[in-house]
Amino acid sequence: MTERRTPEPGSWLGIPPFPKAAKSALENAEQRKNLRHATGTIRAKRVARAAEVPDWEELRTAGAQIKDRVARHLEHYLLQAEAAMTAAGITVHWARDADDANRIVTEIAQAKGVDEVVKIKSMVTQEIDLNEHLEANGIAAWETDLAELIVQLGHDLPSHILVPAIHRNRSEVREIFTTEMGRYGTPAPEGISDNPAELTDAARTHLREKFLRAKMAVSGGNFIVAETGTLVVVESEGNGRMCLTLPETMVSIVGIEKIVPTLQDLEVFLKLLPRSSTGERMNPYTSFWTGVTPGDGPQDLHVVLLDNGRTNALADPHGRAALRCIRCSACLNICPVYERVGGHAYGSPYPGPIGAILGPQLRGMDNPNDRALPFASTLCGACNEVCPVRIPFTDILVHLRHKAVEYKTAKHPTGEQALMKGAGWLMADGSHLETAQQASQLAGKVLRGKWLGPLPIPIASRWLQARDVEAPPAQTFRQWWKDNHEGDQQ
Amino acid sequence: MTTEAPGTDARPARSAAPHVALFATCITDTMKPSVPIATVKLLERLGCRVSFPMKQTCCGQIMTNTGYYKEALPAVRNYADTFGEYDYIVGPSGSCVGSVREQHVMLAQDAGDEGLATAAGAVASRTYELTEFIVDVLGVTDVGAYFPHRVTYHPTCHSMRIAKVGDRPLQLLRAVRGIDLVDLPKAEQCCGFGGTFSVKNSEVSVAMASDKARHVRSTDAEFLVAGDHACLMNIGGVLHRQRAGIKTIHLAEILASTEEDQR
Ligand code: SF4
């Protein structure tokens, strides 16, 4: 095998299902500290920026409704977008799945005779693992977003939608830059400190060389406007603008749910997105491009429209709202589970609440990791309140739990199912419950108000490892009522 | 809707006493009878006639939220049968009331039982969380309670975000005489209970409960109060293990307390 061109990344494949992965993530004290700090800061910013928009709640509703309209008439808008993009000089490709999309991008690079590409930060290329496919074909893909660069040089995996290196602090970043930059291009300056300005400077110098050399760029896309065929990329660092200026060829891979009908609809999303995402009134760089402009920017434009499970999600009336997502990451930042375990435990580039509802819909329930994801939530509902497109997370999580259970119990009955059946019978009538309460009252008489500590009882021990429990009372409420209100109504 | 000024007579000026069916919830019926007992005492003091239909059981949430829709259906059906004839069904739990209102119709529809869906929708619309009933229906914010202790309030996720009780519990607590109510830091963050989450992802659950317990301890309160017993069990379990010396108490128990039964 020939030597790799780019740093070998971490692998999602080795990550166990959520409960186990989360357990080991919890033991990473440094990461917990970094995440608590980062999510705390960004939460406060989002709240402040949302609060200053008087019609924030109406905007959220509008965002949800526009996305739902697109989903209802997706075929119409996709064809309209294809026609408009084609008319503007963009070559449009359709990709059913990750393999299709990766092959299309590879073929474009090969046809152009390039052996490296620069990348604008994109979730969808993480989803399809584009970098590794290009690498396997001898093409080096260089991440140009600062946080993506940290992840790439750190042989790491992204752990957040917006800030993929959120689990790293600046001394770790310094470490990564000093040891790795020189191996893949311009090294970090000697004796660089962990001052953010110095680190950013090092990244800028390291990337400059790559920008100037690049003949081809790869991006995702935040939106495609169907009526005009305009692509929109929203970013903070200007690296996207560089990718849109210097290389001759530009390939954008965009999920089919990213369509908005008209330019006017963008008004809603360009208000919602930065405020929900970085907690800014407006992000620093918003690029629109509509086809080729002679002598200005890329002269060969391609768009790959990707399905990769999206039509499966669309087919599920109870789950499809997940496709409204505009990848702002507010749901991650507010999530108390994400705050403690970080992104890697979710086993895919989409972590947090959106990962828990989107992943299993895109990929299906065949994999135990995907079946565990809908359970990676306390159903506290904090995400429901912040999502700029009003995705009803808690309803979808419960719905997907139901699907996971159906999947698991389809072939043979499970112990949990027997337990739940038992509970179902118990709760079918007060007389059933009362029978069971005979046992709890008996236990209460024996234990007489004691508290129970750690006990090696299966399942119960998981509660009791850190939490005591009060023994059941010798008299239930039902019994108390009989004793004290006998003769009352009912 | 009228709102009583603090210190006025706790009894609403109504000709006919509202007839309330108590939904005790299976967890406090079985594990913490002091909560429904306090609820009865409180509602009677506020001039209600209280019934406890013996047929009642549970909202079915433990099955529903674990993904077992079929298994939850008997509880849904039983709830509609039990409470169908009452105008006011009141439960001392935002979570259980939230489940009745937000999930029962969905479960009936999933089972293809339109008749049950209609019945469940009707009975859900007459189901109130305790503080909603007191503030919105009875129009009372001073229930005439006395509780001379330092107390901190955890709003609980399902009370806040599913039942959407808003600040009604705080309105009622602020009017309690003798109470020293202190703010809980990061009050709106989940305690980590989450039903079967507490055992399926027990380590994460404990990490969250421990943070919550730390915030509770930082208030120097004698009591942690909430409107959902399950969350109190979770946080209280950690506090007890830590010998923190802070007791947990349900909202209904504080609101039911008077000078006579001072703790
Ligand atoms: S699901 Fe909503 S909150 Fe989460 S990333 Fe997407 S748009 Fe943002």
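A: Begin with a cut-off: a residue is buried under 20% relative accessible area, exposed over 50%, and partly exposed in between. Lys112(A), at 37% relative accessibility, therefore counts as partly exposed. Keep in mind that this is a predicted model.

Q: What does Lys112(A) meet in a salt bridge?

A: Side chains of opposite charge can pair when their charged atoms come close. Here the side chain of Lys112(A) meets that of Asp300(A), with 2.6 Å from N to O. Lys112(A) belongs to helix H5 (residues 98-112) of chain A and Asp300(A) to strand S10 (residues 300-306) of chain A, so the pair ties together parts that are 188 residues apart in sequence.

Q: How many salt bridges are there over all chains?

A: The count comes to 43. One group of residues in chain A forms a network of salt bridges: Arg49(A), Glu52(A), Arg275(A) and Arg281(A).

Q: Are Arg327(A) and Glu257(A), which meet in a salt bridge, buried or exposed?

A: Both residues are buried; for Arg327(A) the relative accessibility is 13%. Their side chains meet at 3.3 Å, N to O.

Q: Which residue of chain B has a positive phi although it is not a glycine?

A: Asp220(B) does, with a phi of about 60°. Its place is in the loop between H11 and strand S7 (223-226) of chain B. Asp220(B) counts as exposed, because its relative accessibility is 59%.

Q: Which residue forms a salt bridge with Lys403(A)?

A: The partner is Asp316(A), and the closest N and O atoms are 3.0 Å apart. Lys403(A) lies in helix H19 (residues 393-411) of chain A, while Asp316(A) lies in the loop between H13 and H14 of chain A, so the pair ties together parts 87 residues apart in sequence. Lys403(A) is partly exposed, with a relative accessible area of 36%. Asp316(A) is buried, with a relative accessible area of 9%.

Q: Now a helix. Why is helix H8 of chain A described as largely enclosed?

A: Of the 8 residues of H8(A) (residues 146-153), 7 are buried, so the helix is largely enclosed by the rest of the structure. The buried residues are Ala147(A), Glu148(A), Leu149(A), Ile150(A), Val151(A), Gln152(A) and Leu153(A). They pack against helices H6 (123-127), H7 (130-136), H9 (170-184) and H10 (196-213) and strand S3 (140-143) of chain A.

Q: What is found at the start of H8(A), and what just after this helix?

A: At the start, a side-chain oxygen of Asp145(A) reaches to within 3.1 Å of the backbone nitrogen of Ala147(A). Just after the helix, His155(A) takes a positive phi of about 50°.

Q: How should I read a strand such as S4 of chain A? Which way do its residues point?

A: Look at the two faces of the strand and then at the pairing. In S4(A) (residues 216-219), Met216(A) and Val218(A) point one way and Ala217(A) and Ser219(A) the other way, and all are buried. Strand S2 (residues 116-119) of chain A pairs with S4(A) in the parallel sense over 2 bridges, and Lys119(A) has Val218(A) as its bridge partner. S4(A) also pairs in the parallel sense with strand S7 (residues 249-255) of chain A, over 4 bridges. There, the bridge partner of Met216(A) is Thr249(A).

Q: How many residues does each chain give to the contact between chain B and chain A?

A: Chain B gives 70 residues and chain A 68 residues. Together the chains bury about 6,100 Å², 58% of it on carbon and sulfur atoms. Met54(B), Tyr68(B) and Arg241(B) supply 12% of the area that chain B buries against chain A, more than any other three residues.

Q: How many salt bridges are counted between chain B and chain A?

A: There are 8. One of them joins Lys32(B) and Glu470(A), whose closest N and O atoms are 3.2 Å apart.

How values were computed
Residues numbered from 1 in each chain as written. Chains lettered and ligands numbered in written order. Predicted model: local features only at pLDDT ≥ 70, side-chain atom pairs only at ≥ 80, totals over all residues. Heavy atoms only, no water. Contact = heavy atoms within 4.5 Å. Buried area = accessible area lost by both parts, 1.4 Å probe. Salt bridge = Lys/Arg side-chain N within 4 Å of Asp/Glu carboxyl O. Buried < 20%, exposed > 50% of the residue type's maximum accessible area, 1.4 Å probe, protein only. Polar contact = N/O pair within 3.5 Å; in protein donor to acceptor, adjacent residues only side chain to side chain. Pairing = 2+ DSSP bridges.
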